[in-house]
Every structure is written in C-alpha cells, then in structure tokens.
Amino acid sequence: MLEIIQLILDLLEAPDPCALEKFLGRIPTVFNVVILTPHGYFAQDNVLGYPDTGGQVVYILDQIELWRMRCSSVSSSKDSTSALAFSLLLPDVVGTTCGQRLEKVYGTEHSDILRIPFRTEKGIDVAHEISKELQGKRDLIVGNYSDGNFVASLLAHKLGVTQCTIAHALEKTKYPDSDIYWNKLEDKYHFSCQFTADLFAMSHSDVIITSTFQEIAGRTPLVNTRATLLSLFLVSTVLYMVLMCLIPNSTSPGADTEIYFPYTEENRRLKHFHPEIEDLLYSKVENEEHLCVLNDRNKPILFTMARLDRVKNLTGLVEWYGKNAKLRELVSLVVVGGDRRKESKDSEEKAEMKKMFELIEKYNLNGQFRWISSQMNRIRNGELYRYICDTKGAFVQPALYEAFGLTVVEAMTCGLPTFATCNGGPAEIIVHSKSGFNIDPYHSDHAAEILVNFFEKCKADPSHWDKISQGGLKRIEEKYTWKIFSERLLTITGVYGFWKHVSNLERQES
C-alpha cells in the first residue's frame with residue numbers, strides 16, 4: 001500500500017509514463033479472462049499430433065494457467081476470478097474431449113474450456129454462452145491466431161471489453177511472398193480471408209502482443225511484410241495509440257517449469273519413465289509407433305519433435321542427415337512426428353509421410369535413424385528431452401519458418417543444446433554459438449556442417465557441450481519464462497484497459 005501511495009504522489013508531482021505504467025500494473029483490474037482459440041483440435045489430452053495441432057495447444061493451456069494464477073494473486077477472493085477458454089465443438093473426434101461442451105481445466109476450480117459449434121440452423125450467440133458460464137463481467141478478451149483474434153474483435157466490441165490480440169503464427173510469414181502471390185495459393189490456403197481477418201483484428205485491438213520483436217519490425221535482409229503492414233496499418237488507423245507510444249509489444253512466453261527443467265536437477269528427474277523412453281528409442285521392434293532401429297547406443301542422439309507438415313521440414317532434416325556421411329558417423333537421428341497409428345486425413349501430412357518412407361529407403365537409414373509417431377504425454381516428453389541430454393545429444397528445429405518456437409524453449413529449458421531455423425522466432429531466442437545455433441533450412445549442406453562441427457568439437461572437448469547447454473539455460477532464465485511474460489502481460493493489459501476507459505474513443509471507424 002505504501003508503494004502504491006508513493007507512486008500516486010510521484011505521478012501527481014511529476015507525471016511520467018514509466019511511473020504511470022508501473023502504477024497501473026499494480027492496480028487489480030483484470031479478474032475474469034476469456035481466451036479464444038477456435039482453432040483445430042483443442043483439448044488437454046490426446047490431441048497433439050493431429051494436423052496443425054501442436055505447440056499452440058500447449059501455449060493456450062499454459063496461458064490459461066498463467067491468467068488463473070495472476071488473477072488470483074491480485075484478488076482478495078479466489079472465487080471472484082476465472083479464466084474461460086472458448087473453442088470449437090468437434091462432434092466426431094474419437095478418443096478426445098473435443099466433443100464435450102464444458103471441460104474443467106486440470107488442477108483448477110474456476111478455469112474451464114467451453115466448446116460450442118460455430119454453425120447451427122439457428123446460429124449461436126457466443127457472447128450469451130460466455131456470459132452464462134462466467135456469471136459476471138468479463139474484464140479482458142484474449143484472441144489467439146487469425147480466427148481467434150477475429151472472433152475476439154467481434155466479442156470485445158459487443159461486450160465493451162478490453163481486447164488483447166496475440167499476433168503470432170499468422171499466415172503471411174509462413175510462405176515466402178504469399179502477400180504478393182496470394183492468389184496462386186488462394187484455393188488451398190484462403191489467404192485473402194486470413195489476411196483480412198488479421199488486419200481487422202489488429203485495427204480493433206486495444207493491445208497487440210507479439211512473441212518476438214521481428215514480428216513488429218521485420219528483419220534484415222528479408223523484410224517481414226506482414227509486420228511492416230501491421231506497423232503502417234496501426235500508424236494510419238489507430239494514431240492515438242502511436243502518439244501515446246502504445247505500439248505492439250514483444251512479450252515472449254516460456255515453458256512450463258513443472259514439466260521442463262534442467263537435466264542436472266537429479267532429484268526432480270522422472271526416472272520411472274526411463275524404461276518406456278529406452279523402449280521408444282532403442283527397442284529392436286518395428287511397429288506403428290516406431291520405425292527403423294538404432295544399432296549404436298553409445299552415439300549421441302540428434303533429436304527433433306514437431307508436426308509432420310511441409311513447413312516444419314522434418315523430411316528436410318532427414319535428407320540433410322542422409323546425405324552427410326560425417327553426421328551419420330557422429331550421431332543417430334530420432335524424429336518424433338506424424339502418427340502412423342491411424343490414417344491421416346490431411347493431404348500435406350500424407351505427402352510428407354510418403355516422402356519419409358522414400359528417404360529411409362533412398363539413404364538406407366535403418367540402423368542410424370528412428371522415426372517415432374507423435375507422443376501425447378507432455379510429462380514424459382519433458383523427461384525425453386532430458387534423456388537426450390544424458391546421451392550428450394542435441395535438439396534441432398529445421399522449420400522453413402517458425403513464428404516463435406516453443407519446442408526450442410522447451411529443449412533449452414531442459415539444458416539440451418539447440419539448433420533452430422533462422423527464419424522466425426528462434427533467430428531471436430538463440431544467440432548464435434553462445435546459447436545455441438541458428439541454421440538456414442534453405443541451405444541444407446551448410447546447416448548439416450554446423451551440426452557436424454558442433455559434435456566434432458564435443459568429441460574433442462566434452463566441455464564444449466556443457467558450455468552451449470549452460471548458455472541456453474542462462475538465455476532462458478534471462479528472457480523466456482512465464483513469470484516474466486505474466487508480469488509484463490498483466491501490466492500491458494492494465495495500461496491499455498485504462499486508456500480504453502478514460503479516453504472513451506469510438507473504435508468502430510477503425
């Protein structure tokens with residue numbers, strides 16, 4: 001109380017934007033949060049590995065927990081706070097809860113996932129459904145991804161609530177020159193609809209959060225066109241935000257430290273998973289869960305885990321490995337991606353799966369390579385990262401483009417040396433050769449040589465592995481934790497919510 005009173009005195013005597021931000025960040029203004037993610041398969045279990053379903057599910061679930069903890073910490077009564085995640089009801093997803101209207105979030109009392117169908121004969125009023133569940137005022141609506149942000153804009157306007165747009169993983173950055181040649185891919189990706197939804201949401205938002213700075217400013221030499229458009233659009237249509245220095249904010253998330261923690265913390269290690277992990281990696285049995293075998297258990301493991309689609313470039317990594325004899329001599333390769341346990345309905349995933357089989361045969365990879373189907377158990381996956389550390393291996397993220405790179409943060413948080421694409425967020429997460437390595441997926445031979453050089457150095461000097469591992473852990477501690485993210489996000493939303501209510505500006509024109 002004394003600190004807040006002192007802040008008020010400082011503001012009255014000498015108004016200062018930094019002091020105002022600090023003051024507004026201390027005032028409890030957000031208690032009930034609606035998080036929108038009407039995207040793909042969203043549930044707490046058995047959905048990772050479905051087409052276009054991976055890191056964003058983890059990110060939203062962590063976001064729910066973040067808001068629940070932050071809202072509770074500033075409230076005198078935990079019963080007065082809640083976080084409601086709104087998603088799409090999918091009636092025919094066997095083995096998941098995606099067809100369940102209301103699902104309690106594990107370990108919480110007042111956090112739920114609400115699912116409703118987007119289209120019925122009579123239509124559905126999402127605002128009514130949300131109000132019915134929350135039984136009270138909404139303080140903040142948070143949108144995620146193109147569709148979620150668009151719905152958040154409509155809801156925020158209808159309810160008169162502060163809107164936060166999480167502007168990451170948007171489509172314009174995934175495909176080179178898609179803003180210029182959008183019509184060539186319109187039938188497949190519906191770019192005109194997605195780009196319009198993005199701009200609509202950005203122009204209506206009270207606050208825009210990006211995971212990386214380059215999403216705002218672009219990067220040299222390749223200009224991020226969507227980010228440039230975003231900046232110009234904001235300047236021209238939401239001028240008052242710029243005048244008050246309320247421009248898009250770069251605020252990066254972290255990994256769940258209950259699941260992802262350094263391999264050196266022996267007392268926390270989940271060693272009861274080790275027999276399962278060893279079977280996953282080294283069993284001589286080939287089945288729908290794992291294909292090909294690893295003959296040499298003494299080699300370090302080069303490891304990757306992602307969805308099996310073109311942008312994630314898992315088949316590209318397998319080809320780098322297949323072509324480079326020195327890399328094959330130094331390490332074994334383990335790829336976790338796709339699900340051969342069921343027939344995919346996604347044409348892109350089926351094409352990548354076919355390519356993977358062809359590469360295994362072309363380069364005769366059996367004995368040095370293991371292909372494992374998508375793993376749903378997040379807790380065991382955390383120990384899997386640490387087990388790879390025990391082999392003195394590394395994690396590689398070879399995507400053609402990655403908006404942020406949650407698996408990169410997860411690997412580094414476990415102490416696993418990480419190689420990741422230079423296109424997108426990982427280029428900002430990793431400081432090259434200090435906390436990991438940036439690789440260019442469009443120059444595969446050079447990327448493979450960077451991997452070879454690292455493992456040759458480690459073979460000659462084992463302390464080199466430790467140096468990169470510690471550099472990654474230090475980088476995560478400095479910038480990529482949920483604690484840093486939560487404090488910044490709550491401050492930003494408090495500031496923007498304050499301006500929304502005191503300025504009383506009509507936003508519909510924008």
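**Notes on the model**

1. Tyrosine 145 belongs to helix H5, residues 145-159. Its phi is positive, about 70 degrees, although the residue is not a glycine.

2. This is a predicted model, in which local features need pLDDT of at least 70 and side-chain atom pairs count only at pLDDT 80 or more, while totals for chains, interfaces and linings use all residues. Residues are numbered from 1 along each chain as its sequence is written, and side-chain values use heavy atoms, with hydrogens and water left out.

3. Asparagine 313, also not a glycine, has a positive phi near 65 degrees. Asparagine 313 lies in the loop between S10 and helix H12 (314-323) and counts as buried at 11% relative accessibility. Helices (H or I, at least four residues) and strands (E, at least two) are DSSP runs, numbered from the N terminus.

4. In strand S10 (residues 301-305), 5 of 5 residues are buried. Ile301, Phe303 and Met305 point one way, Leu302 and Thr304 the other.

5. S10 pairs (at least two DSSP bridges between the strands) in parallel with S11, residues 332-336, over 5 bridges. Threonine 304 is opposite valine 335 there. S10 also runs parallel to S13 (residues 394-397), joined by 2 bridges; leucine 302 has alanine 394 as its bridge partner in S13.

6. Buried residues of H19 include Trp465, Ile468 and Leu473.

Notes. Buried < 20%, exposed > 50% of the residue type's maximum accessible area, 1.4 Å probe, protein only.
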